[in-house]
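Here's a quick tour of a two-part model for anyone who likes to see the cut-offs spelled out. Have a look at it before reading on.

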Amino acid sequence: MKIEIIHKDSGYAEQFQLFCEKNALVFNSKKWLDVYEASQIQSCAIFNKNNDVIGCFVYYIFKKSSFKFIITPPYAPHIELFYVNPAESIVGKNTFDKEISEALAVYFKSLSYDYFNINLPINIVDTQPFIWQKFQSRNRFTYLIDLSLSEEQLWNNLSSEKRKSIKKAEKDGLLIEISEDKKRIYDLVLKSLNRNEKNKNANIIKNILTEFASNSNSYAFTARLGQDYLATAFCIQYGGKSMYLFGGFDDQNKHHGAHVSCMWQCILKAKKQGLVYFDFEGSMNKSIERYFREFGGELKSYSCIEDVKPTVALLLKLKGGLPI
Amino acid sequence: MAEQHIGVFAGEKWLAVYKDALTMMGIYKDEHQLIGAFYFVNTKKFGLKFIKLPPYTPHCALFFKHESKNVSSELNFSKEIMHSVCDFLENQKFALCVLAFPSGIKDMQPFFWKNYKVVPHYTYRINLLQSIEVIQSNFDAKNRNAINKAIKEQVVVRESSMNKESLYHYFSQSLHKAGANVYESELKAIFTEFSEPSNSFAMQAFLDDKIIGTVFCVYDKKNCYYLLAGIDKEVKVQGINNLLVLKCIEKAKLLSCEVFDFEGSMLKGVEKFFRSFGPELVPYYTINKANIMLELALKFKKRSSF
């Protein structure tokens, strides 16, 4: 087994692209990767002994104050580690999973970085090889809504506050509409990001909306009162689920039920499309976590692999946040 | 109530092993209604207060009942409980806290928010509702070969007929030889006060009537846990431990247990051995927190946990 970075002119680029298409991968797809600066994104293939592509993953690199950071690509939920496990027996499957994790852990350890923090997909449970390579394995959480439930059950699973907010929005005449107006969505998202001083990657959001998003891979709802647009929620669809990627609201035109109603419509649309789950893409931020929790999803953990050099750890502690 | 939710590790006899060393905490609703519990051990070392698990116990046995029908309320309730447990531990003013939680406890966010390091650990479990043929067919071929070799070498496994005191001495010596930490009084109490046929068994491997390996398991109505093992490393016969595990699995099935739990290991070699039995990998969480000076020291010594 070997791991190789796939550049545009790599001899394996075509095989790699076919592999991604065949397995309906999103965050390794060319369309998604194009939303980032090419120099900052690294797409990797995992090869078997016959040099066939059997897996892939992606990560993001940037430099800040002479420190090198390796992270999950911004706005992607994880590094989309995907591989075809050829084993048939349970023990064979477990061992192959272990070998893949081992190969990844060794690969990442060989890179030079000052800060390393990547999220693994929810189905990757075994992080022991990373621990053995002296990475720190941590858990993060998301909420998943099971869309096989009826609309009535989904409604009943909402907290009473969420139900009240949605009813209030309806009573006050808010219109919750599916939107293809990328600029409007972007403006609303940016308003929220600016408010929270988290607008560093606004260009990536713009690219996701203008270059990546299409009717076949994403959708958004906006809340409107007359001519005023109050809130939006943007979701992408992949692997049988819909994932809330970002949203926002206008604090000059606030309504308690605006964003909640957009989210509720996003959930209903995902259900109508026959998707299996609605994923809130998690949050470890206390207030956001509570907001998501009240939609009544199931708490699911996913792994985060971390390795921070002492100087950066100290600086981040002083700064009190993540680098991106 | 605790035994019903947690099983053997919350049973009176198991808890009695630790005598007064155990701090048992009830979780109450509306101040009076007991709805859950957990436990830990408070110790002092170099004048510093440590909160940790009792030795030979896999987790803090946290459980709680909830009666909400609404999913969102259930989530809120579970969050509230975890916040309360976290706040309680915070108020203990410890220098070091290291606790593991049962695998069913998933929501560790309140600990994350209080700057605990939440670290996944793993155990392996075999579903004993499958037939023994299916279970064995899931073994790694190398494992099956090792078992066959041991049988071919005339290794015989049968249930231990040693008395409790002798079993304790056997495992005490065996653990010392392996360089493991041995908690003598607790180990002794497990054999002499806790163990009886209704909650545990020991399987022993013999070669020419000489004991060459022993495995000790504890069990309840649902689970059988692989707790202790000792092998005579001077005997150069392959597959002794493999055969012992197979016999323990068979015994657990006879006892109508539904799950055989290897009790996990983060040691590479041990993990590989467990994995060769084709079990399911099950994560559970530990929380770690230390005061700043201790944390700095532990960052170097126990990097993956701090």
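## Ground rules

This is a predicted model, so to speak of local features takes pLDDT of at least 70, and side-chain atom pairs count only at pLDDT 80 or more, while totals for chains, interfaces and linings use all residues. Residues are numbered from 1 along each chain as its sequence is written, with chains lettered from A and ligands numbered from 1 in the order in which they are written.

## Chain A overall

Chain A has eleven helices and 13 strands (DSSP runs numbered from the N terminus: H or I of at least four residues, E of at least two). With a radius of gyration of 21 Å, close to the 20 Å the globule rule gives for 324 residues, chain A is as compact as a globular protein of that length (C-alpha atoms; the rule is 2.2 Å times the number of residues to the power 0.38).

## Where A meets B

The contact draws 30 residues from chain A and 29 residues from chain B (C-beta atoms, placed from the backbone, within 7 Å). On the chain A side, E7(A) gives the largest share, five residues.

## A helix pair in chain B

In chain B, the axes of H6 (residues 141-152) and H9 (residues 240-254) come within 8 Å and cross at roughly 100° (lines fitted to C-alpha atoms over the stretch in contact, angles from 0 to 180 degrees between N-to-C directions). Among the residues that meet are B:Ile147 from H6(B) and B:Leu243 from H9(B).

Terms used:
Two residues are in contact if their C-beta atoms, placed from the backbone, lie within 7 Å.
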